[in-house]
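I opened my notebook to look up a few things in a new structure.

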Amino acid sequence: MNEESRDEQYMRRCLQLARNGMQNAKPNPMVGAVIVAADGRIIGEGYHVRCGEGHAEVNAFASVRPEDEPLLSEATIYVSLEPCSHYGKTPPCADLIVSKGVKRCVVGCVDPFAKVQGRGIQKLRDAGIEVTVGVLEAECRQINKRFITYNEHRRPYIILKWAETANHFIDNHGKAIAISTPFTKMLSHKLRAENDAILVGRTTDEREHPQLNTRDWSGRSPRRIVIDSHNPAFEGLDFSLPVLPQIMDWLYKERCQSLIVEGGLATLQSFLDAGLWDEIRVETAPMTVTDGTRAPELPSGIKLVSQKDYDGNVIRTYCSGI
């Protein structure tokens, strides 16, 4: 096996480990780390379990058995995200790696957080450690798409979501209609558990009174947001000016890294028109109505990245890329 293939193999293990932090690492990124001896044997691994606790590198080194510690001088540590270089709730991981005296460090992607942004990599190189950057970079960025979008674009990662009939209506003559199946409803609640906030427009709120919480899946409910000038949270927003950029600024200051937008049509279309979206999920049921509110038009040139059938309903996911 050549070095590139070996690096990818161990980085995939980092990504496997990182996903274990899906619920509890937030708002920190999900990170996995693997320590590999010169003979190719994994002698330590870990992931960031919970915000405020040890990072992936800390847990990986802690898992190394005493009899394997002499192997560290010739070992490689693989990390899906650049090691931190600053003091936060925990000491810098870059300093820990240097103190352990490993020979090489392989990094999946650079950390976009303002206090890191390459500084961790530079600290390792200054200490004489060989550093390789960009192994499975796209996959490493994808797993932390919310964290990365928030730090690079100063706004949440935005998911537009709606359900429609086979002939592209989202209601029946203006009245709400059950389009989702029990299983796809459960998937919607899983999505809610994975994101920080969920938003609808005032009309949808007044007409349907949606709870917008997590009931059919284990996890926290997202923050419920209604676009309404009477919303106390929006005090100071000027509704005579474009409101979405103001809401994005507010969500950034509120440290909201991800947002689901569930409509209705005017709200969804306003996000599409403003180019404020990263992912679109459309559920289509094999049913038709004679009239109603038309579903939003998908942007031209959009790429389909996933299509899955659940009990006859099809969920298509489109992404703009990060």
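Predicted model: local features only at pLDDT ≥ 70, side-chain atom pairs only at ≥ 80, totals over all residues.

**Entry 1: strand β1.** I began with β1, which spans residues 32-36. Is this strand buried or exposed? I found that 5 of its 5 residues are buried, so the strand is largely enclosed by the rest of the structure. For this step I needed the cut-off: buried means under 20% relative accessible area. Next I checked the two faces of β1. Gly32, Val34 and Val36 sit on one side, Ala33 and Ile35 sit on the other, and all of them are buried. Both faces are therefore covered, given that 5 of the 5 residues count as buried.

**Entry 2: the partners of β1.** Which strands are joined to β1? I noted β2 (residues 42-47), which runs antiparallel to β1 and is joined to it by 5 bridges. I also noted β3 (residues 76-81), again antiparallel, with 4 bridges to β1.

**Entry 3: the turn.** I then looked at how the chain gets from β1 to β2. The two strands form a hairpin with 5 residues between them. In that turn I spotted Gly40, which has a positive phi of about 90 degrees.

**Entry 4: the largest pocket.** I moved on to empty space. Rolling a probe the size of a water molecule over the atoms shows where such space is left. What is the volume of the largest pocket? I wrote down about 980 Å³. Its lining has 34 residues, and Ile177, Thr204, Glu208, Pro210 and Glu262 lie nearest its centre. Elements that give two or more residues to this lining include β6 (157-164), α7 (182-193) and β9 (258-263). The most comes from α8, with 5 residues. By class, I listed 13 nonpolar, 12 polar and 9 charged residues.

**Entry 5: the second largest pocket.** Here I recorded a volume of about 820 Å³. Of the 29 lining residues, Lys145, Lys190, Glu194, Glu279 and Arg281 are the closest to the centre. Which element gives the most to this lining? I found that α7 does, with 5 residues. Among the others that supply at least two are α5 (137-143), α6 (145-153) and β10 (279-284). The lining divides into 12 nonpolar, 6 polar and 11 charged residues.

Technical notes
Residues numbered from 1 in each chain as written. Heavy atoms only, no water. Buried < 20%, exposed > 50% of the residue type's maximum accessible area, 1.4 Å probe, protein only. Pairing = 2+ DSSP bridges. 1 Å grid on protein atoms, 1.4 Å probe; cavity = no way out; pocket = protein on both sides within 12 Å on 5 of 7 lines; lining within 4 Å. Points joined across faces, edges and corners; volume = space filled by probe spheres on them. Nonpolar A, V, L, I, M, F, W, Y, C, P; charged D, E, K, R; others polar.
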